[in-house]
Amino acid sequence: MTGTAERIAAAALEILLAEGAEAVTMRRVAAAVELSPMATYRHYPNREALLRSVVDQAFAELGEHYGQRSEGLDFHARLDALTDDFLDFALGKPNLYRYLITEQRTGSLRFPDDFRDGGSTAFAPVHHVVEQGMREGVLRSDDVLETGLALTMPVVGLVQQYLGGRYNLPEPEFRALCKRTMRRVLRGLQEE
């Protein structure tokens, strides 16, 4: 990417973080980097290509950090650290989270094929921790992908509702609710 293309993508990301993907327009981004709207088209043919570039960069950065603090830990501590990583991202960058995880967009990963065997940057650490849990006999042997979904989707749902203003809890209490929910689901997936 050229310096100008990087500046354009950085401006688009800044707008997305502050106001959401719907606020990212070629005209708005051009103004932010002091270019003519047509100049942005030399680097990105359209808004979708610009947002795809921003998404690719965001996923790359997420992949560099997500799950790193959980490496080398036992299953329970690793799962707890992954939950913290997820909540840090979702609550810390809610507009980016919504765009990456919940909004329809061209090129987004599709279940199940893109998630099998850790194919998703964001889901790979979950996939690995579920494999660890099964290998160590903490979790019942089952489909790794579907077990990962069963374990994580309740927290994803809670986050969606929290970001939508459906919970009257301060963030620390909401995080504690997410951890309790994860533990309850985990009890149903554990070996007896």
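1. Start with Asp84. Setting aside neighbours within four places in sequence, Asp84 is in contact with Arg69, Arg175 and Lys179. Contact here means heavy atoms within 4.5 Å. Asp84 sits in helix 5. Its relative accessible area is 22%, so Asp84 is partly exposed. The scale is this: buried is under 20% relative accessible area, exposed is over 50%, and partly exposed lies in between, with a 1.4 Å probe and protein chains only. The C-alpha atoms of Asp84 and Ser53 are separated by 27 Å, and the two residues are 31 apart along the chain.

2. A word on the basis. This is a predicted model, in which local features need pLDDT of at least 70 and side-chain atom pairs count only at pLDDT 80 or more, while totals for chains, interfaces and linings use all residues. Residues are numbered from 1 along each chain as its sequence is written, and side-chain values use heavy atoms, with hydrogens and water left out.

3. Next, the overall layout. The chain has nine helices and zero strands. Both are DSSP runs, numbered from the N terminus: helices are H or I with at least four residues, strands are E with at least two. Along the sequence the pattern reads α-α-α-α-α-α-α-α-α. The C-alpha atoms fill a box of roughly 65 × 35 × 25 Å, taken along the principal axes. Take the contacts between residues at least 6 apart in sequence: 61% of them join residues at least 24 apart.

4. Now surface and charge. The chain has 192 residues, and buried residues make up 45% of them. Its accessible surface comes to about 10,400 Å², and 49% of that belongs to carbon and sulfur atoms. The areas come from the Shrake-Rupley method with a 1.4 Å probe; for residues, only the protein chains shown count as cover. There are 22 positive and 28 negative side chains. Lys and Arg count as positive, Asp and Glu as negative; His and the chain ends are not counted. The centres of the two sets lie 5 Å apart. Each charge is placed at NZ of Lys, CZ of Arg, CG of Asp or CD of Glu.

5. Which residues have the most contacts inside the largest nonpolar core? They are Leu50, Phe86, Val159 and Phe174, in a core of 58 residues. A nonpolar core is a set of buried Ala, Val, Leu, Ile, Met, Phe, Trp, Tyr and Cys residues joined through side-chain atoms within 4.5 Å. Eight helices each supply at least two residues of this core: helix 1 (3–19), helix 2 (26–32), helix 4 (47–65), helix 5 (75–92), helix 6 (94–102), helix 7 (124–135), helix 8 (144–163) and helix 9 (171–189). Helix 8 gives the largest share, nine residues.

6. Phe86 is buried, at a relative accessible area of 16%. Neighbours within four places aside, Phe86 is in contact with Tyr66, Tyr97, Val155, Val156 and Val159. Phe86, Phe89 and Tyr97 form one aromatic cluster.

7. Then the aromatic pairs. Rings of Phe, Tyr and Trp (its six-membered ring) pair if their centres lie within 6.5 Å; planes under 30 degrees apart are stacked, over 60 edge-to-face, and the rest tilted. By this rule there are four aromatic pairs. Why is the pair of Phe86 and Tyr97 edge-to-face? Its ring centres are 5.8 Å apart and its planes stand at 75°, so the pair falls in that class. Phe86 lies in helix 5 and Tyr97 in helix 6, so the pair ties together parts 11 residues apart in sequence. Tyr97 is buried, with a relative accessible area of 0%. Tyr162 and Phe174 form a stacked pair, 4.0 Å centre to centre and 15° between the planes. This pair links distant parts of the chain: Tyr162 in helix 8 and Phe174 in helix 9, 12 residues apart. Tyr162 counts as buried at 18% relative accessibility. Phe174 counts as buried at 0%.

8. Finally, two loop residues. Is Val24 buried or exposed? Val24 is buried, with a relative accessible area of 0%, and is found in the loop between helix 1 and helix 2. Not counting residues up to four places away, Val24 touches Ala12, Ile15, Leu16, Val29, Arg47, Leu50 and Leu51. Glu34 lies in the loop between helix 2 and helix 3 (37–41). Glu34 counts as exposed, at 74% relative accessibility. Phi of Glu34 is near 55°, a positive value in a residue other than glycine.
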